[in-house]
Amino acid sequence: MKGKYEGKVFAFDFDETITSEKFHSHNYFIKKKLAPITPDNGLIVDGNTDSLKLFESYKPLKIAEECGNYLRQNSEALRNPEQLLLKVRELVKEGAKIAIVSFNQYPVVIDVVLKKIGFTEMEIKNMNIILGFPIGKKELVGKNEHLAKLKELTGAINNEDIILIDDDRDNCDRAKEQGYKTIRVVKDNYLDDVEKVINESST
């Protein structure tokens with residue numbers, strides 16, 4: 001029997017969407033002077049950095065340890081993680097695909113946070129994780145380069161089959177211009193809006 005979300009792709013932003021507004025992890029590690037994986041603009045697709053120059057000083061083990069310590073010491077670093085875990089599992093059970101689309105350039109942080117929330121290795125492996133800054137100006141394209149790559153990877157038929165979930169108004173506006181659906185994260189129970197967004201016609 002076909003699930004009610006069959007063919008839909010839910011693309012979650014990471015910083016201040018999966019994490020809370022109290023933990024923008026990319027900026028946190030930049031301020032800590034811990035180098036990201038690359039100085040380049042360009043997408044990191046499911047861990048693939050072949051087309052990017054890498055920072056030799058990128059230290060994933062140190063960053064992972066620092067991230068784990070921060071999460072243990074800051075109980076409000078994640079945005080409603082219990083609801084997120086339950087909702088994502090419900091979406092997958094109903095046929096949806098799950099992705100992370102983020103400007104974050106610290107891939108190891110995504111892994112640490114998702115495991116802290118309670119996702120299994122297999123659940124994480126089944127997600128498309130598309131990171132990095134776009135080639136085009138971020139202010140003009142938002143997450144649209146990420147979403148175009150995601151459409152290619154998942155085989156989504158129409159742009160409206162991809163739902164961007166993001167706290168940034170500009171990212172949502174740029175996505176809507178290309179026919180993607182969006183959920184703007186302005187409250188902790190943002191996942192309550194999934195049904196409404198799926199059923200509304202694209203604008």
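V109 is found in helix α4, residues 107-117 (helices are DSSP runs of H or I of at least four residues, strands runs of E of at least two, both numbered from the N terminus). The model is predicted, so local features need pLDDT of at least 70 and side-chain atom pairs count only at pLDDT 80 or more, while totals for chains, interfaces and linings use all residues. Residues are numbered from 1 along each chain as its sequence is written, and side-chain values use heavy atoms, with hydrogens and water left out.

V109 counts as buried because its relative accessibility is 0% (buried means under 20% relative accessible area, exposed over 50%, partly exposed in between, with a 1.4 Å probe and protein chains only). Beyond neighbours within four places in sequence, V109 is in contact with F14, S25, F29, I63 and C67 (contact means heavy atoms within 4.5 Å). G68 lies 41 residues from V109 in sequence, and their C-alpha atoms are 8.8 Å apart.

The sheet comes next. Its 6 strands form an open sheet in the order β2-β4-β3-β1-β5-β6, with mixed pairing (two strands pair if DSSP finds at least two bridges between them). The edge strands, each pairing on one side only, are β2 (44-45) and β6 (181-184). Strands β1 (residues 9-12) and β5 (residues 162-166) run parallel and are joined by 4 bridges; V9 stands opposite I162 in β5.

By class, the lining of the largest pocket has 2 nonpolar, 6 polar and 9 charged residues (Ala, Val, Leu, Ile, Met, Phe, Trp, Tyr, Cys and Pro count as nonpolar, Asp, Glu, Lys and Arg as charged, and the others, Gly among them, as polar). A pocket is an open set of points on a 1 Å grid over the protein atoms alone, where a 1.4 Å probe fits, with protein on both sides within 12 Å along at least five of seven lines; lining residues have an atom within 4 Å of a point.
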